[in-house]
Structure formats: structure tokens, C-alpha cells
Amino acid sequence: MHLLFTINENYVSVLETCIRSILRFPCEGGYDLYILHDQLPEAVQQKLIQNTAENARFHFISVPDTAFSDFPQNTRYPKTMYYRLLAAEFLPETLDRVLYLDPDIIVIRPLEELYHMSFDGNLFCGATHVRKFLTRLNGARLQMPEDAPYLNSGVLLINLEELRKPCRQDILAYIEKRQAYFTLPDQDILSALYGNETKLIDHLRYNLSDRMYFLHNANFQNEKIDLDWVRQNTCIIHYCGKNKPWKENYRGVLDCFYHEVLSLQN
């Protein structure tokens, strides 16, 4: 199974916990972990391998400083956020697909079903965390195609075979046109250019955050879920946004899964 991560040195410890959660579930052939990074020191790379390398092969790929010099970035949104959009430029041509995961993720069930999912002719498989009203607002802000979903970019199954067709210029042209309206640049670009070429997956199973857990249960039309349901049905917990279980101001109920994995490291 080919997995993709993009990090800088600040997120290495978080990535370590994410990887540990994945390796609890052996898969046939093991895992190949491709890590696109921004000058990650060799010592840090070796420490990550030593701390997590069970049934896994690491492939560290340094992205040149100039590769994203034309992309908008700041301290909150560094250039590493764009690596997933052009991953096909840096990954081996022998790969036809890769599963991208944000490092602030915990895997609580095997990934095979998601990884082997059919693209059905799409470029990505991904989830949305945005309901219809906000989707329309985002559509107007970003001039998105009608009915295109606004995507959460934290979990993406990427069709590398199709994305090797040139897309950098399309992205740069869109940035030049709409960057004044960006709020989350990587998600804005992904949704505007590829939302209607993305197969939607169930966020409750493959990209569940505390916010989406509470919003689902707050809707009287939905069948309520609890932590037992999550444990039996959800594959990926995503601590997206500022609400992180390793911070003192965390508010939510899904932190139990993070602490379970953390306890395995001690």
C-alpha cells in the first residue's frame, strides 16, 4: 500500500503517532510511506524510521525550494500544503495511486477498502465537511463549477496515472485569478479545479472530525452515532483545524482514539 505524507520538521512527532496508528493493521505487501518534505534533516528522518518502521518502507523526497515559489504561502499555510496537489511530479512513475493523509490523523481500522476503491473515472476520492449552504457560498467565492463539492484535503486517494497530465499551469492560472479570495488555499484550489472530478466518500467513515461528529448528531434527521459506532465503523479520525487532542484547549470526544495510540508509544 502506497501512502503519502507532506511535512516539515514541526510535525514529525504528530506524524509518528499517525504512522503508528496505521501500522497496527498489517496489509499484504506491507506499506510504502512516501514523505514529501521541506529540508527534513537526515537525523530526523532516521529517528522517524527507528521509532515506527514495522512493516513499512520509507521514501523521503525533498521538494526543491523553487518548486512552489509562485504559490501563496504564509506561516499558517506553508508551501508543504501544496505538495499533495502536484504529488505526481515527485512520486515514482511506477505508482498509479497513492493515499494522502494529513499527519493529524489517527487510523482506527484497516485502510484497504479505501485504498482499493475505484476512481470511477475521477482524479481523486475525497470527503466534504461542508453542507449545501456553505458549498454554495464557497462556489460563489471561488467561481467553482455548479454542484462541485467543497473538499476537505486531509484524506485524498489520488489517481496519479491521470494527474501526470500537466496541471501546474492550470493551478497557477487559477491562483493568479482568485488568490485574493482564498481562505484555505490548498482546499480552495482543489475544490475549484477538481471538485467535479472527485468521487465523494463517506466522511463518517473516512474523515471524521469532532465537528462533523457533533453536526451529524445535532441533525434530527440523522440516526445518532456514538463512540461504539465510531469504533466499529470509522476508519480515519481527523483532528483538523485548531482542535487538537495534544493541546490543553481541546474540546471533543474523539481524543480517546489518539490517546490509545499514544499509550502504545510509552
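A polar contact here is a pair of N or O atoms within 3.5 Å. With that in hand, welcome to a set of close-ups of a predicted model.

**View A. Asn217 and its polar contact with Ile225.** Asn217 belongs to helix H9, which spans residues 210-218. The side chain of Asn217 comes to 2.9 Å from the backbone nitrogen of Ile225. Beyond the neighbours within four places in sequence, Asn217 is in contact with Lys224 and Ile225. With a relative accessibility of 17%, Asn217 counts as buried, because the limit for that label is under 20%.

**View B. Thr6 in strand S1.** Here we look at Thr6, part of the strand that runs over residues 2-7. A polar atom of the Thr6 side chain lies 3.4 Å from the backbone oxygen of Thr80. If residues up to four places away in sequence are set aside, Thr6 touches Leu36, Thr80, Tyr83, Arg84 and Tyr100. Thr6 is buried, and its relative accessible area is 7%.

**View C. Asp32 in strand S2.** Asp32 sits in strand S2 and is buried, at 10% relative accessible area. Follow the chain for 24 residues and you reach Ala56, whose C-alpha atom is 5.8 Å from that of Asp32. Apart from neighbours within four places in sequence, the contacts of Asp32 are Met1, His2, Leu3, Arg57 and His59.

View D. Which residues of H2 are buried? In this helix, residues 42-52, they are Val44, Gln45, Leu48 and Thr52. Viewed down the axis of H2, these buried residues fall within an arc of 105°, so they line one face of the helix. An α-helix has 3.6 residues a turn, so residues three or four places apart point the same way. The buried residues of H2 pack against helix H1 (12-23), strand S2 (31-37) and strand S3 (56-62). Turned away from that buried side is a face with the exposed residues Ala43, Lys47 and Gln50.

**View E. Phe68 and the nonpolar cores.** The largest nonpolar core has 43 residues, and Leu4, Phe68, Leu91 and Ile158 are those with the most contacts inside it. Among the elements that each supply at least two residues of this core are S2, strand S4 (97-101), strand S7 (152-159) and helix H6 (168-178). A second, separate core has 37 residues, including Val12, Leu99, Val107 and Met117. Back at Phe68, the residues touched, not counting those up to four places away in sequence, are Val63, Gln73, Lys79, Tyr82, Tyr83, Leu86, Phe90 and Arg168.

**View F. The largest pocket.** The largest pocket has a volume of about 1200 Å³. Its lining is made up of 42 residues, and Asp102, Asp104, Cys240, Gly241 and Lys244 lie nearest the centre. S1, S7, H7 and H9 each supply at least two residues of the lining.

View G. Most residues other than glycine have a negative phi. Gln39 is not a glycine, yet has a positive phi of about 55°. Where is Gln39 in the chain? Gln39 lies in the loop between S2 and H2, and counts as exposed at 54% relative accessibility. For Gln143, phi is near 55°, again a positive value in a residue other than glycine. Gln143 is in the loop between helix H4 (132-142) and S7, and at 45% relative accessibility counts as partly exposed.

Definitions and conventions. Residues are numbered from 1 along each chain as its sequence is written. This is a predicted model: local features need pLDDT of at least 70, side-chain atom pairs count only at pLDDT 80 or more; totals for chains, interfaces and linings use all residues. Side-chain values use heavy atoms; hydrogens and water are left out. Buried means under 20% relative accessible area, exposed over 50%, partly exposed in between (1.4 Å probe, protein chains only). Helices (H or I, at least four residues) and strands (E, at least two) are DSSP runs, numbered from the N terminus. The arc is that of the directions from the helix axis to the C-beta atoms. Contact means heavy atoms within 4.5 Å. A polar contact is a pair of N or O atoms within 3.5 Å; within protein, one must be able to donate a hydrogen and the other to accept it, and residues adjacent in sequence count only if both atoms are side-chain atoms. A nonpolar core is a set of buried Ala, Val, Leu, Ile, Met, Phe, Trp, Tyr and Cys residues joined through side-chain atoms within 4.5 Å. On a 1 Å grid over the protein atoms alone, a cavity is a set of points where a 1.4 Å probe fits but cannot get out, and a pocket is an open set with protein on both sides within 12 Å along at least five of seven lines; lining residues have an atom within 4 Å of a point. Grid points are joined across faces, edges and corners, and a volume is the space filled by probe spheres set on the points.
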